[in-house]
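I opened the notebook to record what I looked up in this model, feature by feature. The entries keep to what the coordinates give.

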Amino acid sequence: PFTLNRPSASLSEVIDVWARRSKIWENFTQVELEEEIKLQCNHCMKVFGCYPNKNGTVSLWRHLKMCTKRNLQD
């Protein structure tokens, strides 16, 4: 899993670095719900927990393959 070298890196800093590395971010928006940073699908609006050192982008790619709203747009 990707981590920043600084132990004090915030979640949004990690997401910003990810955004430069993966095309997945074109399909998700960072939102804050209940004082936590989450990711929301731009197609179906489903919200995902965001734990960079645990999940990576695999679950987001998996969601996009199954997202019916996105598949209707393609």
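The entries below go from the sheet to the side chains.

**Basis.** I am working from a predicted model, in which local features need pLDDT of at least 70 and side-chain atom pairs count only at pLDDT 80 or more, while totals for chains, interfaces and linings use all residues. Residues are numbered from 1 along each chain as its sequence is written, and side-chain values use heavy atoms, with hydrogens and water left out.

**Sheet.** I took helices (H or I, at least four residues) and strands (E, at least two) as DSSP runs numbered from the N terminus, and I counted two strands as paired if DSSP finds at least two bridges between them. On that basis I find 3 strands in an open sheet, ordered E1-E2-E3, with antiparallel pairing. The edges are E1 and strand E3 (47-49), each of which pairs on one side only. From one strand to the next the twist averages 40 degrees; axes here are lines fitted to C-alpha atoms, for helices over the stretch in contact, and angles run from 0 to 180 degrees between N-to-C directions.

I then went through the pairing of E1 with strand E2 (residues 36-41), where 6 bridges join the two. Gln-30 has Leu-39 in E2 as its bridge partner, and Leu-33 stands opposite Glu-36 in E2. The hairpin of E1 and E2 has 2 residues between the strands, and Glu-34 takes a positive phi near 50 degrees there.

**Helix over the sheet.** I noted that helix H2 (residues 58-66) lies across E1, E2 and E3, running at about 115 degrees to E1.

**Asn-27.** I looked up this residue in the loop between helix H1 (11-21) and strand E1 (28-33). Asn-27 is buried at 12% relative accessible area, where buried means under 20%, exposed over 50% and partly exposed in between (1.4 Å probe, protein chains only). Leaving aside residues up to four places away in sequence, Asn-27 touches Gln-40, Cys-41, Asn-42, His-43, Leu-64 and Arg-70, with contact meaning heavy atoms within 4.5 Å.

**Cysteines.** Which cysteine sulfur is closest to that of Cys-41? I find the sulfur of Cys-44, at 3.8 Å, too far for a bond, since a disulfide is a pair of cysteine sulfur atoms within 2.5 Å. My search of the whole structure accordingly returned 0 disulfides. Cys-41 is buried at 0% relative accessible area, whereas Cys-44 counts as partly exposed at 28%.

**Aromatic pair.** I searched the whole structure and found 1 aromatic pair. Rings of Phe, Tyr and Trp (its six-membered ring) pair if their centres lie within 6.5 Å, with planes under 30 degrees apart counted as stacked, over 60 as edge-to-face and the rest as tilted. The rings of Phe-28 and Phe-48 have centres 5.8 Å apart and planes at 75 degrees, so I logged the pair as edge-to-face. Because Phe-28 lies in strand E1 and Phe-48 in strand E3, the pair ties together parts 20 residues apart in sequence. Both Phe-28 and Phe-48 are buried.

**Salt bridges.** I found 2 in the whole structure, requiring a side-chain nitrogen of Lys or Arg within 4 Å of a carboxyl oxygen of Asp or Glu. Glu-26 and Lys-23 meet at 3.7 Å, N to O; Glu-26 is exposed at 56% and Lys-23 is exposed at 57%. Lys-38 bridges to Glu-36 with the closest N and O atoms 3.6 Å apart; here Lys-38 is buried at 17%, and Glu-36 is partly exposed at 36%.
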